[in-house]
Amino acid sequence: VIGSFGYTAYAGTVASGPMPFVFPALCPQCQMSVLDPAFAAQVITKKGKAEFFDDPGCLFDYLDRQATPPRAVWFHHRELDRWLPEERVEFVQVPKSPMGYGIQAVDPGTPAAIGLREARERCRRGPGATERR
């Protein structure tokens, strides 16, 4: 079943991985269009709904405001057409991203990558904070 701004899980099923996505969608955090898969992220809610984000920083902001943790969190790989689960993702700093958080998801072990916890802490400082140490 397709929702108004992305995909919704099929009734009675539980997503076992990231939901398929056709760009663009609307980011529930900043209300901007999700246009670039290289920066996209998604949350699968406890009810099975997929929410898509235009920047990993928007996803982190969204999670900080939720009372209930999601079922799953996925980040789109910066170069490859695949999703990385939060348990197996790292981030590289980039000069620009859709909302200015300046990170993109990569495989663990990528040179100069930072972990999920560090990326999330930097994003909490606001757009542009990943460039500052």
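Which residue of E10 is the bridge partner of glutamate 90? In this predicted model, where local features need pLDDT of at least 70, side-chain atom pairs count only at pLDDT 80 or more, and totals for chains, interfaces and linings use all residues, the partner is valine 106. Residues are numbered from 1 along each chain as its sequence is written, and side-chain values use heavy atoms, with hydrogens and water left out.

Helices (H or I, at least four residues) and strands (E, at least two) are DSSP runs numbered from the N terminus. Strands E9 and E10 run antiparallel and are joined by four bridges; two strands pair if DSSP finds at least two bridges between them. From E10, Ile103 and Ala105 point one way, while Gln104 and Val106 point the other way. These four residues are all buried, that is, under 20% relative accessible area, with exposed meaning over 50% and partly exposed in between (1.4 Å probe, protein chains only).

Helix H2 spans residues 116-124, and its buried residues are Ala119, Arg122 and Cys123. They lie on the same side of H2 because they cover an arc of only 100 degrees around the axis, the arc being that of the directions from the helix axis to the C-beta atoms. An α-helix has 3.6 residues a turn, so residues three or four places apart point the same way. The cover over the buried residues of H2 includes helix H1 (56-64) and strands E9 (90-93), E10 (103-106) and E11 (114-115), with contact meaning heavy atoms within 4.5 Å. Glycine 126, which follows H2, has a positive phi, near 105 degrees.

Rings of Phe, Tyr and Trp (its six-membered ring) pair if their centres lie within 6.5 Å; planes under 30 degrees apart count as stacked, over 60 as edge-to-face and the rest as tilted. By this rule there are five aromatic pairs. In one of them, the ring centres of phenylalanine 52 and tryptophan 83 are 6.3 Å apart and the planes are at 55 degrees, so the pair is tilted. Because phenylalanine 52 lies in strand E6 (residues 50-53) and tryptophan 83 in strand E8 (residues 83-85), the pair ties together parts that are 31 residues apart in sequence. Phenylalanine 52 counts as buried at 1% relative accessibility, and tryptophan 83 is buried with a relative accessible area of 17%.

Phenylalanine 60 and phenylalanine 75 form a tilted aromatic pair, 5.7 Å centre to centre with 50 degrees between the planes. This pair links distant parts of the chain, 15 residues apart: phenylalanine 60 is in helix H1 and phenylalanine 75 in strand E7 (residues 72-76). Both phenylalanine 60 and phenylalanine 75 are buried. One aromatic cluster is formed by Phe60, Phe75 and Phe91.
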